[in-house]
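Biologist: Please take a close look at one part of this model, the open sheet and the helices that go with the account of it. I would like one connected description.

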Amino acid sequence: MRGAVIHAPGDVRFETLDDPRILKPTDAIIRTAVTCVCGSDLWPWRGLDATDEAHPMGHEYVGFVEEVGAEVTAVKPGQFVVGSFATSDNTCANCRNGWQSNCLDREFMSTCQAEYVRIPHAQGTLVATDEVPGEEFWPSLLAVSDVMGTGWYAADAAEVRPGSTAVVVGDGAVGLCAVIAAKEMGAERIIAMSRHEPRQKLAREFGATHIVTERGDEGVARIKELTDGIGADSVLECVGTAQAMRQALHSARPGGSVGFVGVPHDVAVDGQELFFSHVGLRGGPAPVRRYLPDLIERVLSGHIDPGKVFDLTLPLEQVAEGYRAMDERRAIKALLKP
Ligand SMILES: [Zn+2]
């Protein structure tokens, strides 16, 4: 089969690789229906995460089950499945508590920009749809496997409640999906911080009621103006930079909460400032598996359409162009079709 391999910053190649095989009785092999490039894939592409040796890429996937190991009974060949970027047995103590992305058997997926993928702990990781969904649903189901699940967790962690005010920091695919989540959870006002016109438009389409284009202290001042001078009930931090985190913490009101889902890069939190702010803080890799059945249902019923974040579709063999387009901000998110 063929798949994407990163060799160095800016050097992703589409290469012939060994076909994945069942290595453990808990594995499954899927044939990729669609996959994509994640904002976090840009960290090694830009050289901000080191690439010491060449390795495959990709952690988002939906596909068709090809083969299952002896212990996998929950899914069977031919079914259409959605998984998460973090595998989970769905039986350990952390999984039972709903923290499947901290499963005691967790593995992070890393080979999904390929024609076939081995899924460890398939029994607990994969959710099959009742029928094979029409192709028009594939992008949204793919979004559910990572960016929509992550946006949902940002809203959950930031404790978005009906009637509340939510601020979303970041207008990438996760930030835009976080707007969908805040709306679904009943936020009355959703303030999207974005300075890119096409993304503002999509944020509004997804439910944003206000757009703030300012950043840093000016952005925080604008949020305060919109919130009786105290800040928002919930702030969803979807970037992962020091500036975005500072902006998020300063935009929450005393007693409010920040959910942070951007993978932190050089982010430090001032303990004393946090102490005196009365702001609640929770983040981490989203427990997407917990949300999958609900989010799949919301997609298949036509209630949400997070697949709109894919504004570029490429054949999988042009995967490198997907990275380039996202790096140069010509695309929000690139969908890849084998
Ligand atoms: Zn587990």
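Modeller: In this predicted model, six strands make up an open sheet, ordered E11-E10-E9-E12-E13-E14, with parallel pairing. Its edges are strand E11 (210-212) and strand E14 (280-283), each of which pairs on one side only. From one strand to the next the twist averages 20°.

Within the sheet, strand E9 (residues 165-169) pairs with strand E10 (residues 189-193) in the parallel sense, over five bridges. Valine 168 has alanine 192 of E10 standing opposite.

A helix lies across part of this sheet: helix H8 (residues 216-226) covers E9, E10, E11 and strand E12 (232-237). The direction of H8 is at about 155° to that of E11.

Next, a pair of helices. Two packed helices are described by the angle between their axes and the distance between the axes. For helix H5 (residues 147-157) and helix H6 (residues 173-184), the angle is about 55° and the axes are 7 Å apart. H5 is therefore oblique to H6, and the crossing in which H5 passes H6 is right-handed.

On the H5 side, the contact consists of Val147, Met148, Thr150, Gly151, Trp152, Ala154 and Ala155. These meet Ala173, Val174, Cys177, Ala178, Ile180, Ala181 and Ala182 in H6. By class, the residues of the contact of H5 with H6 are twelve nonpolar and two polar, with no charged residue.

Note on methods. Residues numbered from 1 in each chain as written. Predicted model: local features only at pLDDT ≥ 70, side-chain atom pairs only at ≥ 80, totals over all residues. Axes fitted to C-alpha atoms, helices over the stretch in contact; angles between N-to-C directions. Helix = DSSP H or I, 4+ residues; strand = E, 2+ residues; numbered from the N terminus. Parallel < 35°, antiparallel > 145°, perpendicular 65-115°, else oblique. Left-handed = near helix turned anticlockwise from the far one by under 90°. Contact = placed C-beta atoms within 7 Å. Nonpolar A, V, L, I, M, F, W, Y, C, P; charged D, E, K, R; others polar. Pairing = 2+ DSSP bridges.
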